[in-house]
Amino acid sequence: QVQLVESGGGLLQAGDSLRLSCAASGRTFDFSRHAMAWFRQAPGKERDFVAGVRWSSSTTYYANSVKGRFTISRDNFKRTLYLQMNSLKAEDTAVYYCAARSNTSVSRLGSDYNYWGQGTQVTVSS
């Protein structure tokens with residue numbers, strides 16, 4: 001079975017930095033052929049796209065709200081997805097989910113992703 005497990009969340013103050021990780025596993029899961037993405041869901045809000053990456057970390061996409069502050073990357077050998085978050089704001093508070101799509105192209109729609117992790121909580125106090 002395919003599993004995505006996020007880690008690295010926590011309680012921080014505005015301006016802090018944090019790095020989230022998502023470890024992918026599964027005997028037949030071809031990590032390198034899946035576009036990966038981070039989504040987040042704040043209390044009472046829809047799950048929104050944060051950042052996505054194609055097979056190479058050189059091809060990335062970001063929501064306008066995090067451009068210049070967050071960096072998505074992947075290590076295909078380690079089968080791990082990362083999200084480096086800098087200059088955190090209170091509005092970044094949410095549960096962060098990693099997702100994998102059975103396609104090499106990044107999509108901003110959650111419905112286009114086939115596999116999801118359980119999420120990791122990031123809380124930023126102002």
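Arg69 is buried, with a relative accessible area of 10%, where buried means under 20% relative accessible area, exposed over 50% and partly exposed in between, using a 1.4 Å probe and protein chains only. The structure is a predicted model, in which local features need pLDDT of at least 70 and side-chain atom pairs count only at pLDDT 80 or more, while totals for chains, interfaces and linings use all residues. Residues are numbered from 1 along each chain as its sequence is written, and side-chain values use heavy atoms, with hydrogens and water left out.

Arg69 belongs to the loop between β6 (60–62) and β7 (70–75); strands are DSSP runs of E, at least two residues, numbered from the N terminus. Beyond its neighbours within four places in sequence, Arg69 is in contact with residues including Met85, Leu88 and Asp92, contact meaning heavy atoms within 4.5 Å. With Asp92, the side chain of Arg69 makes a side-chain polar contact at 2.7 Å.

Ser57 lies in the loop between β5 (48–53) and β6 and is partly exposed, at 31% relative accessibility. Outside the four places on either side in sequence, Ser57 is in contact with Ser73 and Arg74. A polar atom of the Ser57 side chain lies 2.9 Å from the backbone nitrogen of Arg74.

The whole structure holds one disulfide, defined as a pair of cysteine sulfur atoms within 2.5 Å. Cys22 and Cys98 form this disulfide, with sulfur atoms 2.0 Å apart. The pair joins distant parts of the chain, Cys22 in strand β3 and Cys98 in strand β9, 76 residues apart. Both Cys22 and Cys98 are buried.

Technical notes: Helices (H or I, at least four residues) and strands (E, at least two) are DSSP runs, numbered from the N terminus. A polar contact is a pair of N or O atoms within 3.5 Å; within protein, one must be able to donate a hydrogen and the other to accept it, and residues adjacent in sequence count only if both atoms are side-chain atoms.
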